[in-house]
Each structure stands twice: as C-alpha cells, then as structure tokens.
Amino acid sequence: MSKHRVSRRQFLNYTLTGVGGFMAAGMLMPMVRFAIDPVLEAEAGGEYHASKQKVSDLTNEPKRVDFKFKQKDAWYESDVTQMAWVYKDKEGKVVALSPICKHLGCTVSWKGNPDYPNQFACPCHGGRYEKNGKNIPGTPPTAPLDVYPTKVKDGFLYFGKPKPNNIVK
Ligand code: FES
C-alpha cells in the first residue's frame, strides 16, 4: 500500500478548504477591485457625464437629451448611451428625469399618449406621469420617475447617476 494515500478525512479537509478559499476570494475580489480601481471609485463618488445640451437652450417643455459615456467594468470597456427628459421649472431650475418606467422598465415619452398631452406616457401598460415625474394614481407605476442630478460646465449640461425623485411632494 502506498504511504501517500490520502485518507477520506484528509481528502474532505483539502476539498472544503479549497471550496472555502474559492468562496472567500469571490467575496473579497469585488471589494479589492473597488478599492483599487479609480474609475469605479469615481462612479461611486458621483461621476458626471457630459452632454451636448446647452442649458441656455432648455425651455419649460421636456426635451429628450441623449448622452454617451464609456463604462469600464473590470477588463471590459463599453460605450453606454443614456437619455433623459429635461426641462426648466418655474424658477428656471433644470429638472432631468429618467425615462425608465417604474412599473417594468419600458421607456416613457413626453406627450406619448395623445389623450394626455401634458404627461409622460409609457407604451407598455398605459403608465402615466405628471411633468415633474409623479406617477398618476390608477396607472400601473407605483413610484415617480427617477431624477438625474445635473451640473453645468461651460454652459453644457452634465448628468449624474439617477436617484429616487424627491422633487415630488
Ligand atoms: S412598464 Fe410602464 S406601465 Fe408597465
């Protein structure tokens, strides 16, 4: 009989240590990556993405604004295009709403339903929202449209990461 035969107990020990180590690495790696990757850190700290929209050209009518940016995820970099509905409120403050419906994620349009010309409408299940993003009771969405934090630099509009809408009273 060979001296190097692994007992059942040893085999179990090796296997469990291996699996445990693998799982621990799986949990730790994202934390390590987050700590050392400046791009991801910037994202968490609230990176803003430039658009070609001049703030001086905005009116009180919601306008679709598209913007593009590069998203880096570990080794993979991709081009992302997002859009917002943007207008100036009565005080001249910029309001930028996410177009993602809070029901099941379809894309809403301003004046999307001709029967409700001053609302956002979702084409999927008839969801509707007021101009400030507030969901209309009796339609499927149960929350207001998210809002983008915005910044202005050299007259152009920059978009942050969408957040829950607290402009809706
Ligand atoms: S996804 Fe918009 S109403 Fe259902």
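User: What makes up the chain, in helices and strands?
Analyst: You'll find two helices and nine strands. Helices (H or I, at least four residues) and strands (E, at least two) are DSSP runs, numbered from the N terminus. Keep in mind that this is a predicted model, where local features need pLDDT of at least 70, side-chain atom pairs count only at pLDDT 80 or more, and totals for chains, interfaces and linings use all residues. Residue numbers start from 1 along each chain as its sequence is written.

User: Which strands form an open sheet, and in what order?
Analyst: Three strands do, in the order S1-S9-S8, with antiparallel pairing. Strand S1 (49-54) and strand S8 (150-153) are the edge strands, because each pairs on one side only.

User: How do you know that S8 and S9 pair?
Analyst: Two strands pair if DSSP finds at least two bridges between them. Four bridges join S8 to strand S9 (residues 156-159), so they count as paired, and they run antiparallel. One spot to look at: Lys153 stands opposite Phe156 in S9.

User: What share of the chain is buried, and what makes a residue buried?
Analyst: Buried residues are 20% of the 169 residues.

User: How confident is the predictor in the chain, on average?
Analyst: pLDDT, its confidence in each residue, runs from 0 to 100. The chain averages 85, and 75% of the residues score at least 70. Over residues 36-45, though, the pLDDT is below 50. Where pLDDT is low, the predicted coordinates should not be read in detail.

Key: Buried ≥ 20, exposed ≤ 12 C-beta atoms within 10 Å, placed from the backbone. Contact = placed C-beta atoms within 7 Å.
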